[in-house]
Amino acid sequence: MMHRQLLLIGTAIVGLLVMMGQAIQPNEFVQYTTISGFFEQDNAATDPNSFDYTTNKFGLIDQVYDTDAAYDPKGEKTQWQRFDHKVWRLNRESGRLVQYKILFLARHGEGYHNVAESFYGTPAWNCYWALRDGNGTSVWADAKLTEEGIAQAVKAHNFWAKMIEEQNIVTPESYYTSPLYRCLDTANITFFGLKTDDRHPFIPQVKEMFREAIGRHTCDRRSNKTYIHESFPSYTFEVGFAEEDPLWDPAYRETSSAQDARSKTVLDDVFGNDSNTYISVSAHSGEISSILRVIGHRAFRLSTGQVIPVLVRQDIVEGTAPTTTIEPWTTISTCTTPPATSTPA
């Protein structure tokens with residue numbers, strides 16, 4: 001377990017070094033803020049349990065921006081076009097120390113592990129079934145999408161196509177995905193074949209640290225690099241992506257504070273090395289919740305197949321970074337036989 005945590009610490013150090021491309025000085029640190037007031041998901045009154053991003057333009061609120069008068073004096077532009085211009089102005093008027101990006105954080109479609117947890121119940125899942133590759137009928141190690149999960153990704157594809165046609169929305173300029181199969185597949189179904197900007201084709205980069213909480217659960221143990229490449233040959237891998245999963249641990253599970261530190265590292269990497277503004281991240285419920293904590297967004301847990309866009313401001317701040325406590329990975333309660341409450345499949 002210790003070598004995996006050290007590997008993550010080493011990755012964080014590498015992340016800080018590559019941030020030097022963004023001219024981070026030794027006496028500076030990076031912090032993130034959610035710029036609220038643009039999306040319904042920012043509003044405390046919006047219920048994440050019932051909200052569906054397809055009901056209203058990904059949740060973009062209909063409003064007038066202070067940049068509209070000069071950009072759209074005749075009122076001919078769509079809401080997303082005017083929002084894009086607003087963000088463009090924010091970046092144009094920012095100096096070296098500030099930048100803005102729109103993150104489309106998409107949870108994968110329903111996987112076989114989701115079905116199994118619902119079937120057995122969370123207590124039985126966590127203590128027994130999640131530690132196994134399957135039950136003899138269903139396999140959930142590095143879980144694949146169910147038919148419902150595929151349908152959810154198709155829904156996302158169709159909605160993006162509608163938004164491109166009706167809103168002239170800017171499609172993602174960069175695509176990132178967790179290395180777990182359910183995210184790789186969700187991204188492919190969602191974006192492949194869409195009418196995107198020729199300058200920014202759908203060629204995702206697989207990033208190790210956009211994965212779900214690491215350890216114990218076999219659904220969160222990734223396949224090897226060769227298998228991923230054979231399954232998705234157009235995808236690229238970040239530098240240093242290992243053949244075998246170097247992080248998953250059969251005995252320990254990553255804590256929330258450790259995951260948040262990891263999420264901060266991968267955001268530093270993206271913001272420090274990707275000059276694009278519109279970023280797609282195909283990830284997981286737990287990882288997206290972690291990213292939202294890091295960027296100061298209110299808690300907004302996504303159901304399978306759901307998407308949340310966020311406008312994020314990154315500041316390079318002079319001084320010493322605030323001290324944070326990172327709890328070590330921990331064991332979880334297990335049971336050697338299926339709990340009595342479990343129903344055999």
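The model is predicted.

**Entry 1: helix H6**

I began with H6, which covers residues 147-167. The helix has 21 residues. From its first C-alpha to its last it reaches 29 Å, close to the 30 Å expected at 1.5 Å a residue.

Next I looked up burial. The buried residues of H6 are Gly149, Gln152, Ala153, Ala156, His157, Phe159, Trp160, Met163, Ile164 and Gln167. They cover an arc of only 165° around the axis, so they sit on the same side of H6. I then checked the face turned away from that buried side. There I found the exposed residues Glu147, Glu165 and Glu166.

What covers the buried residues of H6? The cover includes helix H3 (79-92), strand E2 (98-107) and helix H7 (181-191). I also looked just past the end of the helix. Asn168 follows H6, and its phi is positive, near 50°.

**Entry 2: helix H4**

I turned to H4, residues 112-120, where His113, Asn114, Ala116 and Tyr120 are buried. Their arc around the axis is only 165°, which puts them on the same side of H4. I looked up their packing partners. The buried residues of H4 pack against E2, H5 and H7. Just after H4 comes Gly121, with a positive phi of about 90°.

**Entry 3: strand E2**

E2 covers the buried side of H6 in part, and the buried residues of H4 pack against E2 too. I looked at this strand in its own right. Here 10 of the 10 residues are buried, so E2 is largely enclosed by the rest of the structure.

I sorted the residues by face. Val98, Tyr100, Ile102, Phe104 and Ala106 lie on one side of E2. Gln99, Lys101, Leu103, Leu105 and Arg107 lie on the other. Both faces are covered. I note that Lys101 and Arg107 are on the buried list as well.

Which way does E2 run relative to E7? The two strands pair in the antiparallel sense, over nine bridges.

**Entry 4: strand E6**

E2 also pairs with E6: six bridges join them, and they run parallel. I recorded two of the positions. Phe104 stands opposite Ser280 in E6. Leu105 stands opposite Val281 in E6.

E6 covers residues 278-283. Six of its six residues are buried, so E6 is largely enclosed by the rest of the structure. Tyr278, Ser280 and Ser282 point one way from the strand. Ile279, Val281 and Ala283 point the other way.

I then looked up strand E3, residues 174-177, which pairs with E6 in the parallel sense over four bridges. In this pairing, Ser174 stands opposite Ile279 in E6.

**Entry 5: cysteines**

How many disulfides does the model hold? I count one disulfide, taking sulfur pairs within 2.5 Å. It joins Cys127 to Cys335, with S to S at 2.1 Å. The torsion about the S-S bond is about 60°, so the disulfide is right-handed.

I placed both ends. Cys127 lies in helix H5 (residues 122-127), and Cys335 lies in the segment after strand E7 (307-318). The pair therefore ties together parts that are 208 residues apart in sequence. Cys127 is buried, at a relative accessible area of 14%.

Cys183 is buried, with a relative accessible area of 1%. Cys219 counts as buried too, at 3% relative accessibility.

**Entry 6: Asp220**

Where does it sit? Asp220 is in the loop between strand E4 (205-206) and helix H8 (225-231). Is Asp220 buried or exposed? It is buried, with a relative accessible area of 3%.

I listed its contacts, leaving aside neighbours within four places in sequence. Asp220 is in contact with Leu180, Arg182, Arg211, Glu212, Ala213, Asp245, Trp248 and Arg253. Among them I marked the arginines Arg182, Arg211 and Arg253. I also marked Glu212 and Asp245.

Conventions
Residues are numbered from 1 along each chain as its sequence is written. This is a predicted model: local features need pLDDT of at least 70, side-chain atom pairs count only at pLDDT 80 or more; totals for chains, interfaces and linings use all residues. Side-chain values use heavy atoms; hydrogens and water are left out. The expected span of a helix is 1.5 Å times one less than its number of residues. Buried means under 20% relative accessible area, exposed over 50%, partly exposed in between (1.4 Å probe, protein chains only). The arc is that of the directions from the helix axis to the C-beta atoms. Contact means heavy atoms within 4.5 Å. Two strands pair if DSSP finds at least two bridges between them.
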